[in-house]
Structure formats: C-alpha cells, structure tokens
Amino acid sequence: MNPIIDVKHLSKYYKQHKKEPGLKGSIKALFKRKYKTIKAVDNISFTINEGEMVGFIGPNGAGKTTTLKVLSGLLYPTSGMATVLGYTPHRRQSEYQKQFSLVMGQKNQLWWDLPALESFILNKEIYEVPQEQYDKTVNELTELLDVKEVLKVQVRKLSLGQRMKCELIAALLHSPKVLFLDEPTIGLDVVMQKKIREFFKEYNRRFKTTVILTSHYMDDVKELCKRIIMINKGKIVYDGDLKEIIKKYASNKYITLVFLKEVNQSDLKKFGKVMEFEPLKATLSVARKNIPQVASDVLKKLPVDDLDISEAKLDDIIRQLFEIKK
Amino acid sequence: MKYLKLYKIFIKNSFIREFSDPLNIIISHIAVLLWMSSIVILYKVIFTHLDTIVGWTWSETLLLIGTFYIVDGIIFTLFYWNFLKLKEYIKKQKLDGILTKPVSSQFVMSTQEIQASMYIQFIVAIVVVILGLSQTEIRVDLMHIGLYLFFLACASIIAYTVWFLSMCSLFWIPSAENIIQFFEEIFNFAVYPSQIYSGVFKIIFTFIIPLALMVTIPSQILTQEVSHVTLIITFLITVLLFILTKVVWSIGLKRYTNQ
C-alpha cells in the first residue's frame, strides 16, 4: 500500500545575512553582504502510512516546524521531494488542502470578536463541507471536547483552554485525512494538556486520521504515539518505536535531592549514579523500576528536605543517540 | 458561488460586530455629516469668488465631490480594515493560516473585514451628487446613470488596485510603511478634476496612477460628453490593474513562502 506521507531526501536551506556588530559593520554590509546558509532541514527521508500517529520530536530549532510547513505547502523545498496523499504540497491545490489540516499551538484562527460558531460556518463554506456532514461532525466534536455551552460566546471571552478546544473543532470540521499538529499543547496548563491529549487519542482511534505531531514535550508524544521520529539540527536521529527508545535510552529517571545538612558524595553512590553534586543538593540517575524503592530508601537514610523525580531530558537522550551514531 | 457565499458571511459578521455597539454608530453618523458639510461649505465659499475652477462650475464641482466621496466611502467600507490587517499579516508572517486553506488568499485578505457603519458616508455623498445634478439644467437619462454607476465601480476597483499594490511592496520591503502612506495621501488627489494636470503629470496620473480617471470620468458622464475612446481606455486600465494585483500577489506569495 502506498504511504500517505512520503518524504525523500528533503532539504530546506535558508540564507541568513550575517552582519558584523556596530556601525562599521552596518556600513560594510551595505557594500558587501555575507551570507550564512542555515540548514533547517538537511536530507531527511521517512514514510508514514494511513492511520499512523507519529511523534516528531526534537529541541527548539531542530527542523520540526519547517518540515510541517513543507508538508502543508507553506514552504518550497530546497531539494528533495515530499508528497502527501499523492499531492505535491507547495502547489497548494485545493483538492489537497481540503484533505489536511494544520494546527499550530497558540496561533489563533478563530475570529476574535465573534462566537466560535461563526468561524465554524466560515470554515464550512471554505472547505465546502455539506450541511449534513458539518452538523454531524461539529456535534460529535463538541461532545468529545465538552464545549457545547461556549460555542455562542465571543471567542475573546473564552478561557485559553476553551479557545483551544474551539480552534480544534474549526480545524477538524472538514474531516481531514491528514493532520499536522505543531506544538498543540504549548502554553496550556497541565490539566488542559492532558485533556487535549486524550481528545487526540480518541479522535485518532475513531477516525483513523494520519497524524504528525511535533513537540518538545516528551509527555505529549508518550501518550499519543507509538512511533517517533527524532530530529536534531535538521537531521533525523532516530525513527522507530517509542517503547524501544524509552527502554534503551530513557531507562533511567532522575532523583533530585535537597538536604537539611551536608552529605558525602560517597553516601549517595549506593543509591544510584551521581549526576550532579553539591554539599546540600544532588541529582541521582536511577533505573525506572527501582525508583520507588530508592526514593523511599533515600528518605529513610538521608537527611532529605526535598525530593523531586523527573524524566530523562530529551537533550540527554538525543545526545546519547548522537554518540551512538558516531 | 462559493465566493459569493463567503462574502455574504463577511457582511453578516461585520454587521453583528458593529451593531453590537450603538454608541459608536451614532458618533460615526454625526462625524460623517459634520465632515462632509464642512467640505461642501469650503467649496461654496471658493465659488462665491469664482464662476468656474478649471472649467468646472459649482454644480459640476458638487458632482465631483459627491462622486469622490462615494468612491472614498466604498473604499473605506470595503477595504480599509482589510488593508490594515494585510499590512500586519505580511510583516508578521501571519498568512500561514489562510494559505493552507482552499480559498483565494487575495480574496479573503481583501474582503473579510467590512466597516458597515460607513454606509452613512454613501448616503450623504449620494445626496451631494443629487444636489449637484439638480442645480444643472441637464436632464439625465437612464443610460447615463447606468454608465455613471458602471464607472463608479471602475473607480472603486482602480482605487483598490492602487492601494493593494502599494501594500504588496511589503513582501519585498518590510519597512515600506512610507510607500503605503504615500499612496494613501495621493489617493486624496483624485477629488480634483483631471484638468488640473498637465504635461508629465497628466501622463503619470492617467496611466501610471490613474487618479485622473477615477472620479473625473464618472462625474463627466453626467454633465458633459465623454468620448467613447476615453471610456474604453478607462475600462481597459481598470481590468489591467486588477489583473496586475493578482500577478503581483502571487509573486509576493512566492517570496513569502520561500523565506
């Protein structure tokens, strides 16, 4: 079966004008411009099949948004090829545009001083959605997101979470086959992030939409994606099962401890690998499965004032992956 | 059909938005009335000392002023807020949302915001035109009125294209605010009859920035004889300018998406 999204050796370079600082530099720049080539996306290739929900993760500036913009037709590739549903995105054909949706976190597309419902009607006409399908889809989405009472309220009077939910309905009412989500939970509080993730999970389950989700939050991806593509500095660093990566590279979590009185580094070594150490503060790396036991041991045996358990940082995982690739 | 439906939605939305604030409407009504009256009074004062200005009598001048403010009213009602938004969207790279949708971005950016409360300017301007006509000896027939309305539409399109093209300069020169302001100011020159231009200015304001044609031509249709050639040229320039906006917009978008 043909993949829905097919990317081959895609590159996107920008020319950035380099200027020396100060007035002298500005004048020099008038006569001779120095350009630096930024490789936002550098020879990446991947395919995505129907119904897959793939997480595209990497640090800021890694090339995630650039890739999505190329797939949405907002950017021309510098070289290489990308097709979605058989279409070349940058030709921006309406037959293609009616079949996908791009949702960018924190970017509002709803009309600010009108009820969300009016924006829905506008999108209905733009995407030429038949009335029956529109009614059915909007009802279904409104129920899933639990926003029935707010549809007739002016968007500017809604809370951030309610607004985001309405943005999602507007973006999905034409039942797109492909969904590009660019940092969809950024800026939302923890509770709302969870609700939005649950919504996407259910939506993908019901409608078998093909989804690419970019994020720099591991949690977004853990909840929703079986497969992840890790991208860093424009290159793909890993493309595969999420569970594998967690098993191999994020098998440890970090315990950060703040002490009431000074402890010796040697005292800590028996609990786990010491990553950071100051007389009153330390961070240990401990295997996931041992965390509950180690945490309770540490609290019992050391003068702990505060204890914090956190995930391995994405940067660490990527760094590890890079080391391995070398 | 689809674009007609979209336009109806835009009109409906603008009415919902504007008429939710009645005080604003009352104030804008009064402001327009005061302002238009002051312009008419100013010209009346000038005409107490002169019989004609470059060959235009008082009643013909009234016609010219009225026609200008009809076109001006059309532009401000239909396009002004859109141009403000367009400036912001190009500079801040906010066009992404529209570009991914199956709709003409030029259409949406030119029509989505309508300032419904400006309708009062039409009404007053039309009254001025009728006033001007009533003071002439000329009987106006349906054909002339039809032609007048048609070239009013052409005038509006010309104004739209000139303004729109100046906005497009933002694709290439992000700090082109000055250029845009220049065009906005220049637009006000269209209220003067084209006879005030001569020589090189006549060419510039007829063919390059067709201000001379915009308002003068429709006004002249009602009171004087306008040659067929002039009418055809005006129509052709209107069409050419409109096509130019589509071409320039599409080239501008190519630059926008290559960044």
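Modeller: Two strands are said to pair if DSSP finds at least two bridges between them. The model is a predicted one, in which local features need pLDDT of at least 70 and side-chain atom pairs count only at pLDDT 80 or more, while totals for chains, interfaces and linings use all residues. Residues are numbered from 1 along each chain as its sequence is written, and chains are lettered from A and ligands numbered from 1 in the order in which they are written.

The part described here is chain A.

Consider strand β10 (residues 252-259) of chain A, which pairs with β13(A) in the antiparallel sense over six bridges. (Strands are DSSP runs of E with at least two residues, helices are runs of H or I with at least four, and both are numbered from the N terminus.) Within this pairing, L307(A) of β13(A) stands opposite L257(A). The two strands belong to an open sheet of four, with the order β11-β12-β10-β13 in chain A and antiparallel pairing. At its edges are β11 (273-278) and β13 (304-310) of chain A; each has a single partner strand, so one side of each is left without a neighbour in the sheet. On average, neighbouring strands of this sheet are turned by 20° against each other, direction ignored. Helix α11 (residues 291-301) of chain A packs on the sheet and touches β10, β12 (281-287) and β13 of chain A. The direction of α11 makes about 170° with that of β13(A). (Angles run from 0 to 180 degrees between N-to-C directions, and axes are lines fitted to C-alpha atoms, for helices over the stretch in contact.)

Strand β1 (residues 5-18) of chain A has antiparallel partners as well. Eleven bridges join β1(A) to strand β2 (residues 34-48) of chain A, with I38(A) in β2(A) as the bridge partner of Y14(A). Strand β4 (residues 79-84) of chain A is joined to β1(A) by five bridges, and V84(A) in β4(A) stands opposite I5(A).

Among the helices, α5 (residues 131-145) and α6 (residues 160-172) of chain A pack at an angle of about 155°, with their axes 10 Å apart. The helices α5(A) and α6(A) are therefore roughly antiparallel to each other, a label for angles over 145 degrees. From α5(A), the contact uses V138(A), L141(A), T142(A) and L145(A); from α6(A), K165(A), L168(A), I169(A) and L172(A). (Residues are in contact if their C-beta atoms, placed from the backbone, lie within 7 Å.) These contact residues divide into six nonpolar, one polar and one charged. (Ala, Val, Leu, Ile, Met, Phe, Trp, Tyr, Cys and Pro count as nonpolar, Asp, Glu, Lys and Arg as charged, and the others, Gly among them, as polar.)

Chain A also meets chain B. The contact takes 22 residues from chain A and 16 residues from chain B. On the side of chain A that touches chain B, α3 (94-97) and α4 (116-127) each supply at least two residues, and the largest share, six residues, comes from α4(A). The residues on that side of chain A divide into ten nonpolar, five polar and seven charged.

Notes
Angles under 35 degrees count as roughly parallel, over 145 as roughly antiparallel, 65 to 115 as roughly perpendicular and the rest as oblique. Two residues are in contact if their C-beta atoms, placed from the backbone, lie within 7 Å.
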